[in-house]
Amino acid sequence: MVNAVAHKAGSGWLSGLLGVIIFSGSLPATRVAVLDMDPFFLTFLRASIAGILATALIVTFREKRPLRSQLMPLVIVALGVVVGFPLLTALALQHVTSAHSIVFLGLLPLTTAIFGVLRGGERPRPAFWIFSVLGSLLVIGFALSQHASASLTGDLLMFAAIIVCGLGYAEGAKLTRELGGWQVISWALIVALPFMLIASFTTRPESFSAVSTPTWVALGYVSLFSMLIGFIFWYKGLAMGGIATVGQLQLLQPFFGLGLSAVLLHETVDPPMLASTLGVILCVAGSRKFSG
């Protein structure tokens, strides 16, 4: 019995880690895409592409339709991770660099854990919240200290994105226990698909001639990996290992993301940014010990 529980937890951590690695490329790819694409059109188009692929998966494997009681949770997932987070980050990345925005990902474990308590019924110990709040304060302090070179609008949009993303993560993880990981994100994409298709059509540019090859590649990444494949692993990991516990794996995402921003986009990763990210990671690592 103990071995079975340990195996399940280990599998959850592995799935969660794969999800984090995939998500680490999301903000750098979005930053590339918004250079040539309107953020609204980018959000609607990536969701439309992922929704069409999700529909093909559901039809191919002949999955049963969700129960009526599962529709509202699916709507919450769609609003959080299909529309909310992609749109808010795309808007934010018009004002800040992807390297700057990645530091805000240090807040995701906290928001995911909060919604894990509110929506998933989990109960981390008090010390968990102490470390998590300290990490959040570090992120806020970083944002305020960068006022000369950063944008308040970009920072506020990133904060909003983190909140809706945490809700979408927790709600999706809870629903994964009933439907399965890939089924949850697929149905959420399908729920949003009619609206995303219409919105894509109405916000499309007059011409695509100015869209560069890197932008198309970035669109492909956020559509296939960020919107679909990453969530298959991530929701499975959260459901198997616990929302608050596995959610702490997101502490690795800033490191992965900063590295990608520096290598692929040649963006500057300065010492204060690294120090803030490291401080957040240490705080969230401490919270992990008291997450259960």
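A residue is called buried under 20% relative accessible area, exposed over 50%, and partly exposed in between, using a 1.4 Å probe and protein chains only. The model is predicted, so local features need pLDDT of at least 70 and side-chain atom pairs count only at pLDDT 80 or more, while totals for chains, interfaces and linings use all residues. Residues are numbered from 1 along each chain as its sequence is written, and side-chain values use heavy atoms, with hydrogens and water left out.

**A residue with positive phi**
- R62 is exposed, because its relative accessible area is 75%.
- R62 lies in the loop between helix 3 (39-60) and helix 4; helices here are DSSP runs of H or I with at least four residues, numbered from the N terminus.
- The phi of R62 is near 50°, a positive value in a residue other than glycine.
- Most residues other than glycine have a negative phi.

**Helix 8 and helix 10**
- The axes of helix 8 (residues 152-179) and helix 10 (residues 213-241) come within 8 Å and cross at roughly 75°.
- Such axes are lines fitted to C-alpha atoms, for helices over the stretch in contact, and the angles run from 0 to 180 degrees between N-to-C directions.
- Helix 8 and helix 10 are therefore roughly perpendicular to each other, a term for angles of 65 to 115 degrees.
- Contact means heavy atoms within 4.5 Å, and G168, Y169, G172, A173, T176 and R177 in helix 8 meet F231, W234, Y235, K236, L238 and A239 in helix 10.

**The nonpolar core**
- A nonpolar core is a set of buried Ala, Val, Leu, Ile, Met, Phe, Trp, Tyr and Cys residues joined through side-chain atoms within 4.5 Å.
- The largest such core has 78 residues, and Y169, W234 and Y235 are among those with the most contacts inside it.
- Helix 4 (residues 68-92) supplies the largest share of this core, 12 residues.
- Beyond its neighbours within four places in sequence, Y169 is in contact with residues including F23, V81, L108 and Q250.

**Cysteines**
- C165 is buried, with a relative accessible area of 1%, and C283 also counts as buried, at 13%.
- The model has zero disulfides, a disulfide being a pair of cysteine sulfur atoms within 2.5 Å.

**F225 in helix 10**
- F225 is found in helix 10 and is partly exposed, with a relative accessible area of 31%.
- Not counting residues up to four places away in sequence, F225 touches I22, G220 and G230.
- F225 and L53 are 172 residues apart in sequence and 11 Å apart in space, C-alpha to C-alpha.

Methods:
Helices (H or I, at least four residues) and strands (E, at least two) are DSSP runs, numbered from the N terminus. Angles under 35 degrees count as roughly parallel, over 145 as roughly antiparallel, 65 to 115 as roughly perpendicular and the rest as oblique.
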